[in-house]
Amino acid sequence: MRWISPTQRIQRPPQSYAGTVFRWIGLLILILLPCSTGIACAESPPGAAPASSKPHVTLRFVSWKPDHARVWEEVLADFTRTHPHISVVRELAPHSSTAYHDLLTQKLKNRDATVDVFFIDVIWVPEFAAAGWARPLDDIFSPAMRQEFLPAAIEVGQYDTHVYGVPSRIDAGLLYYRQDLLAKYGFIAPATWPELVRQAETVLAGERQTNPLLQGYSAQFKQYEGLVCNMLEFVEGHGGSLMRPDGTGSALSSPDALAAVQFVRDEVIGRLTSRAALTYQEPEALSLFLQGHAIFHRNWPYAWELANNQTRSTIAGQVGVAPLPGFSPGRAAAALGGWLYGISAYSQHPDEAWALIEFLSSQAVQKKFSREAGIAPSREALFSDPEVLARSPQLRNQGAVLHAATPRPRSPVYPAISHLLQRYFSRALAVDGLDLAQEAAITDAHIDRLLALTKAAR
Amino acid sequence: MIRAHSLLRHREGLAAWSMVAPALLVTMVFAVYPVLDSLWLSLHHIFVGIPQLGSPFVGLDNYVALFHDPVARQALVVTLAFVLLSTLLELACGLIIALVIHERFRGRGLVRAAILIPWAIPTVVASQLWRYIFNDQYGFANLLLFGDRVTDYVPWLAYPGVAFAVVVLTDVWKTSSFAALLILAGLQVIPHDLYDAARVDGARMWQRFWHITLPLLKPALLLALLFRTMDAFRVFDLVFVMTQGGPGDATQTLQFYGYQTLFTEGRIGYGSAISVAVFLMILALSLTYLRAMGSNLLERRRP
């Protein structure tokens, strides 16, 4: 046997370094691959269920990642305690509505039987109904039961005479403001946008020395679903509408809709609010308000709890909330948002799924959510419940706003309509030297073509 | 004798096929089938939200619509601009990095490892990182430029042109090191005696680079170009995390548009047409590159 001494070692060909480099690349890919998988993670059921006579059923509940995880865990543990033969496995999806939609509909498109209960955003009801993904609840969700909820919340859950969703939490756009600053200059909450602009100018002129970062307004103008809500409020507040009254076509070219968009383009972006608002969703806009850098702020009901949270907010106790202004007194508009509970059409356990939904939407659980998570209830009675009102006095005003809130266009192709609206509004606010009327006409034509498709199918 | 020979050949052929079969099967199932299926879907009209429409065969209608779609046209312009800018910048940066880490100096191993870090970070994380760097309130870019003058802070991502530039910059930061790696491999195979000979002939550094390094690097550069162009064409995660296509569609790329149509809007036919169009564009590009590279390799083989 011959040994090769180190000096005798065969000369490596020059390519061998390249070889090692590629081996390194391969190794890196192997290491990185697992990071990119695993979008959703499953949670084990809370608490083991004791033995019972009924056959044991495991329900799968696809949920977004909740803000108040502890409250949700307690509620679900309560459910398993009262329903020992049912255990609930939650599958947590991303928090963003669009990301949640894409994940959930991907499962439903594949008729995935491992989905029983899910959330439906109020804008998806026509799509889920038309696609046959959500089970009609007409036989179990009786008219008497429906009457206990806010009418607007029941209405968005219906499509073509069937009901598909049980209201979980219902949202509407609200105007938050700095009570201390407005009082200092002798103002009350503004009823119209011109009034809001005037108030902001006065307050800014007086406060600029002490707080150079103070802005008049903070809201959500990024190119995403929230932009549609914000702009709907301006357009409706101006007396316009995104759709024609009979719902047959898009109405962005109407004088009122154009004037409202022009107002936001000229008077709001870069003046009343920083241009940075074009990159803001809810968290960024809210953080500006919580830091005391905005006089007025537009957000959903959940912001009340955070704005008055001593540890997270610098303006706790100085916050007021009012309906959003319009362009003439009494013409306020709020976009309707929120979530409904639905049952998958492919679920093998609709009865158990209904038991879970009944429990989650019960008065007691809604009360707990309102008390411990600051989530606005959807049951009419809770808006006059002394215990709830003592803790959340803002609900006294919100009830009226929620009753009058305006839904976004209702169509099975809403996701496509929304993208066209987002595109139009974002271009209208961000692109210099844009011919607004022409953009509006093009978008109108696009949306009308989509709506014609739905009509042809009827 | 002859029979035994043909049997052997037959056996060899069988063995060869059985060895190739797994790879062939995987390619068929995971590459060819999905592409053909997308192609088939793109010839239909399918709306998930309107199942009553069924899925009628519409021929090339989706492609005709795509050709006239202003959003798609805008997305194509954005995508092409992104491909051109990012690949050129990445190649330039990659070349510089490769030349530096090819030199011998103390701590070279450490520098080589460090260069790889941006590429090793998942794109989603890198995108989030750069989104924070260009944040209007607490971003590092503003701190660096304006320090304490908070009233001067710029909302970078709120301007269409700037937002696009930031997306390009992030991609360049992220993948220049990958280009550098490929180019470095090319540098390693250039024989050192060529430089020695040039030095003897009195060639200056710049001349050595221009007449030796660059021509001999051509295959590596083309390879890097091929990889980077294909990747840049498919840019998705950067846009998804940083801008969602905004503001005003300034960062809307074809892949992101395709994703929105397919997954959010549920327009299966049209979305497939977009994917197929992107696929065909990438295919055409890579075939062009491969042809260029192939001839290059053949030339080198001749003495």
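## A helix pair in chain A

In this predicted model, helix α9(A) passes α17(A) in a left-handed crossing, a term used when the near helix is turned anticlockwise from the far one by less than a right angle, clockwise being right-handed. The axes of α9 (residues 225-237) and α17 of chain A come within 9 Å and cross at roughly 70°, the axes being lines fitted to C-alpha atoms, for helices over the stretch in contact, with angles running from 0 to 180 degrees between N-to-C directions. α9(A) is therefore roughly perpendicular to α17(A), a class that covers 65 to 115 degrees, whereas angles under 35 count as roughly parallel, over 145 as roughly antiparallel and the rest as oblique.

On the α9(A) side, the contact is made by E225(A), L227(A), V228(A) and M231(A), and on the α17(A) side by S418(A), L421(A), Q422(A), F425(A) and S426(A); two residues are in contact if their C-beta atoms, placed from the backbone, lie within 7 Å. By class, this contact has 5 nonpolar, 3 polar and 1 charged residues, where Ala, Val, Leu, Ile, Met, Phe, Trp, Tyr, Cys and Pro count as nonpolar, Asp, Glu, Lys and Arg as charged, and the others, Gly among them, as polar.

## Conventions and overall fold

Residues are numbered from 1 along each chain as its sequence is written, while chains are lettered from A and ligands numbered from 1 in the order in which they are written. The model being predicted, local features need pLDDT of at least 70 and side-chain atom pairs count only at pLDDT 80 or more, whereas totals for chains, interfaces and linings use all residues.

Chain A has 18 helices and 12 strands, taken as DSSP runs (H or I, at least four residues, for helices; E, at least two, for strands) and numbered from the N terminus. Of its 458 residues, 47% are buried, with 20 or more other C-beta atoms within 10 Å of their own, against 12 or fewer for exposed residues and values in between for partly exposed ones, C-beta atoms being placed from the backbone.

## Two domains of chain A

Chain A is divided into domain 1 (54-172 + 337-404) and domain 2 (174-336 + 410-457), with bounds from an automatic or database domain assignment. Their C-alpha centres lie 27 Å apart, and 21 residues of domain 1 are in contact with 19 residues of domain 2. On the domain 1 side, α16(A) gives the most, with 4 residues, and that side has 11 nonpolar, 8 polar and 2 charged residues.

## The interface between chains

In the model, 43 residues of chain A are in contact with 34 residues of chain B. The elements of chain A that give two or more residues to this side are α1 (15-36), α3 (97-109), α4 (125-130), α17 (414-430) and α18 (436-457). With 9 residues, α1(A) gives the most, and the side of chain A divides into 23 nonpolar, 13 polar and 7 charged residues.

## Local backbone geometry

Although not a glycine, R111(A) has a positive phi of about 50°; R111(A) lies in the loop between α3 and β4 (117-121) of chain A and is exposed, with 12 other C-beta atoms within 10 Å. T161(A), likewise a residue other than glycine, has a positive phi near 70°; T161(A) is placed in the loop between β5 (158-159) and β6 (162-163) of chain A and is exposed, with 7 other C-beta atoms within 10 Å.

In chain B, the peptide bond from G246(B) to P247(B) is cis, with omega near -10°, and P247(B) lies in the loop between α10 (237-242) and α11 (254-264) of that chain.
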